[in-house]
Amino acid sequence: MKNKNIGFNSKLIHGGEFNDALGSATVPIYQTSTFKFNSAEHGAACFAGESDGYIYTRIGNPTIHALETLLAELENGFGGIATSSGMGAVNTVYGAMLSQGDHIISSAAVYGPSRVVLETYYKKFGIDSSFVNTADIEEVRRAIRPETKLLYIETPSNPTIEITDLKACCELAHEFGIAVAVDNTFCSPYLQRPLELGADIVLHSLTKFINGHADIVGGVVVAKDEALYKKLRSVMVTLGFNMDPHQAYLVIRGVKTLSIRIDRAQESAMKIATYLENHPKISWVRFPGLVSHPQHELAKTQMDGFGSMISFELKGGIEAGRKLMNSVQMAILAVSLGGVETLIQHPASMTHSKVSAEGKEKAGITDGLVRYSVGIEDVADLIADLEQALEKS
Ligand code: LCS
């Protein structure tokens, strides 16, 4: 892969593969569903994998390819597979790695639908799942069975901001021949590169930090080697989880500013988390940059920054939390995260509402937990917004 030896910020601007005969400085949108063959023989050779050339956009497209190769370079992987959504990426991984009779161990605290789809659809096809606190390596060890094929980790977790030791989990899983997939959505490759810590697969909801502008939904899977890449790609193509070229174009534009957006947001997040922790109406705050975070030391070594996702609870519980969410004026009351705009939401009744009461309890998703995604506004304005909302809560 080209550009191997340039820095992360240079890769954001110049990484990825694309060749445009007219010399376009940015990646053009190849808004086409299909591609002309030079001859019947060429078409047959393309399908046989004996000739280069695009065939059909569900299978591959130059705009999408530019994004896939860029994201694979950022994650230090063999190849990327772009998907229509983050859930498309999650299901590409589950679909490729699990068969009837297999077992998956997942972090208990994951994005709600990533868990619920295992407990519903995959269960229907004879795939069993266990949800454990992956921050506790002994809990992971105890969940391993002979038929365990995949360890699925979200770190930091949604919405509890728990940190899992990726190196330790990968070593344990590989000892038992279990593959490891990491949902790196909360960090992006700017803050954490799971493949470098031993993971086999990394995936993202591109809807969040990587695109960063709350204007598309998308996903990506990056595989560490060619064999895994081919296996995953074939699931994406045959199940039809492909991205659209226009979506890919917008993500390529958004990702160019990934590092400067994250630098601003995480600096503000540190200030906001500290402000909340010292506020008399707040009972607890979970942010990896705070010394009070149980895995603060691990976060310092595993991540290149603490990110900009905060969860907290008010002393007045869910009622006070609702008042706060109804009183903020700058933060937008909406699901999603990782964009330039600050968002606030209530996981128990929104993003994780379909997770059972028992599942929520195991994951540490309390009724009063409020999730706050810090954007790039002036931090003084965000704190003033919280201040006036907390007065009413
Ligand atoms: N993985 C994580 C960690 C996520 O947070 C999400 C979405 C997904 C996968 C799925 O991605 P999507 O299909 O939405 O692109 N998380 C959301 C959230 O916390 N609020 O709204 C969506």
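**Close-up views of a predicted model**

**View 1. Glutamine 192 and its surroundings.** The side chain of glutamine 192 comes to 3.0 Å from the backbone oxygen of threonine 155, a polar contact (a pair of N or O atoms within 3.5 Å; within protein, one must be able to donate a hydrogen and the other to accept it, and residues adjacent in sequence count only if both atoms are side-chain atoms). This is a predicted model, in which local features need pLDDT of at least 70 and side-chain atom pairs count only at pLDDT 80 or more, while totals for chains, interfaces and linings use all residues. Residues are numbered from 1 along each chain as its sequence is written, and side-chain values use heavy atoms, with hydrogens and water left out. Glutamine 192 sits in the loop between helix 8 (188-191) and strand 6 (201-205); helices (H or I, at least four residues) and strands (E, at least two) are DSSP runs, numbered from the N terminus.

**View 2. The ligand site.** The ligand is surrounded by 18 residues, each with a heavy atom within 4 Å of it. Asp183, Ser205, Thr207, Ser336 and Arg371 are the closest. Oxygen atoms of the ligand lie 2.8 Å from a polar side-chain atom of serine 205 and 2.6 Å from one of threonine 207. On the backbone side, a polar atom of serine 336 is 2.8 Å from a ligand nitrogen.

**View 3. Helix 9 and its packing.** Helix 9 (residues 226-239) holds 14 residues and reaches 20 Å from first to last C-alpha, close to the 20 Å expected at 1.5 Å a residue (1.5 Å times one less than the number of residues). Its buried residues, among them Leu228, Tyr229 and Arg233, pack against helix 3 (62-75), strand 1 (79-83), helix 4, strand 6 and strand 7 (219-223). At the start of helix 9, a side-chain oxygen of aspartate 225 is within 3.4 Å of the backbone nitrogen of alanine 227. Glycine 240, with a positive phi near 75°, follows the helix.

**View 4. Helix 4.** At its start, a side-chain oxygen of serine 85 reaches to within 3.3 Å of the backbone nitrogen of methionine 87.

Technical notes: Buried < 20%, exposed > 50% of the residue type's maximum accessible area, 1.4 Å probe, protein only. Contact = heavy atoms within 4.5 Å.
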